[in-house]
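Follow the charged pairs first, then the strands, then the surface. Keep the structure in view as you read.

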Amino acid sequence: MKKDIILIATLLLFTTMKAQETLKFNVKGGYQFAEGYSITNNEPFLFAQAGQLTGSWHWEFENGKKGNTHINGATANRLLFNGNHELFGTMKINMFEFEGSAPETDLLFLSYRSEQFEVNGSQVTIKVSGTFTGGTGKYEGARGWLTVTSVNGFFEDGKGEVILGEVSEVTEQQVLDWTNAYFKATQSGDATTWANSFADNAVINDPYGSPAPSGREEIIEIGEQFMSAFTSAGLYPEYIYVNGLVATSKWMGKAVTKEGKEATFEGINVTTYNENGKIISHIGYWSPEKMVIK
């Protein structure tokens, strides 16, 4: 009887949930800024400009499907008092052109901001990271990510994934299990095992204030550099507090140097996961200079 109830509940779950689908893609294309408005000499920035963004993109999905879409959105660019640029905005992607559906039926929404903004003479290089924030029709409730690096408004290196379908609620125990698995990965002595904890578009700042790695290869390289300094090393959690998809952890680091001496260090992690248990944001508050070696 108990098995029958479990079976019925499972069938009901699968019949009421839309199957999750992950669509990985590469994209290339261009964009331009339409007329807008600007503000100058207005603290805390020296210059700010906002306006419409338009362009055309070519998509190639992992399943072999290809097509073109137009994009349009609202964007803002401000030059800060310290000389740094910031670019951020929202975008509507006309996926109905790609799907061959009726106009305005399949729209994909993107929120984005710049990670890099460099002006070198007449050349402007901008690296942008975006998060899909839903849509309409087929893309209703869409999630996922996108990164591109453009030079003077053109790019060929865009990549990301769109996740469609409903996702079952993540429990506190699942996030706790993912976090414990992360600490086990730090103790493995294998940089690739540690890197597998992160999503492809993860933002990592560990220790806080250090340069953020760009992509999986740089994440593995950071792990290799740290692990190669010791014969063994790992982080051991002292407590983990879970709030939604965010885990805050107090940990103790233990290692053995090449000379056979014991090293200890401690810190706090603030880690955010996606629904699949991969880390999308990770900040480690600790100082290598405070490592104690005996």
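The structure holds seven salt bridges, each a side-chain nitrogen of Lys or Arg within 4 Å of a carboxyl oxygen of Asp or Glu. This is a predicted model, in which local features need pLDDT of at least 70, side-chain atom pairs count only at pLDDT 80 or more, and totals for chains, interfaces and linings use all residues. Residues are numbered from 1 along each chain as its sequence is written, and side-chain values use heavy atoms, with hydrogens and water left out.

Take Glu99 and Lys65. Their side chains meet in a salt bridge at 2.9 Å, N to O. Glu99 lies in helix H2 (residues 95–99) and Lys65 in the loop between strand S2 (45–61) and strand S3 (66–80), so the pair ties together parts 34 residues apart in sequence. Helices (H or I, at least four residues) and strands (E, at least two) are DSSP runs, numbered from the N terminus. Glu99 is partly exposed, at 21% relative accessible area. Buried means under 20%, exposed over 50%, and partly exposed in between (1.4 Å probe, protein chains only).

Next, Arg143 and Glu275. Their side chains form a salt bridge of 3.3 Å, N to O. Arg143 sits in strand S7 (residues 143–151) and Glu275 in the loop between S12 and strand S13 (279–285), so this pair links parts of the chain 132 residues apart. Arg143 is buried, at 18% relative accessibility. Glu275 is partly exposed, at 29%. Salt bridges with shared partners also join Lys65, Glu99 and Lys138 into one network.

Now the strands. S10 (residues 230–243) and S11 (residues 246–257) pair in the antiparallel sense over twelve bridges; pairing requires at least two DSSP bridges between two strands. Leu235 stands opposite Gly253 in S11. The two strands form a hairpin with two residues between them, and Gly244 in the turn has a positive phi of about 65 degrees. S11 also runs antiparallel to S12 (residues 262–273), joined by eleven bridges. Here Lys254 stands opposite Thr264 in S12. Four residues lie between the strands of this hairpin, where Gly260 takes a positive phi near 85 degrees.

Tyr208, Ile268 and Tyr285 make a nonpolar patch of about 320 Å². Patch residues have over 30% relative accessible area and no salt bridge; like charges are joined within 9 Å, nonpolar side chains (Val, Leu, Ile, Met, Phe, Trp, Tyr) within 5 Å. Areas come from the Shrake-Rupley method with a 1.4 Å probe; for residues, only the protein chains shown count as cover. Ile268 belongs to strand S12 and is partly exposed, at 35% relative accessibility.
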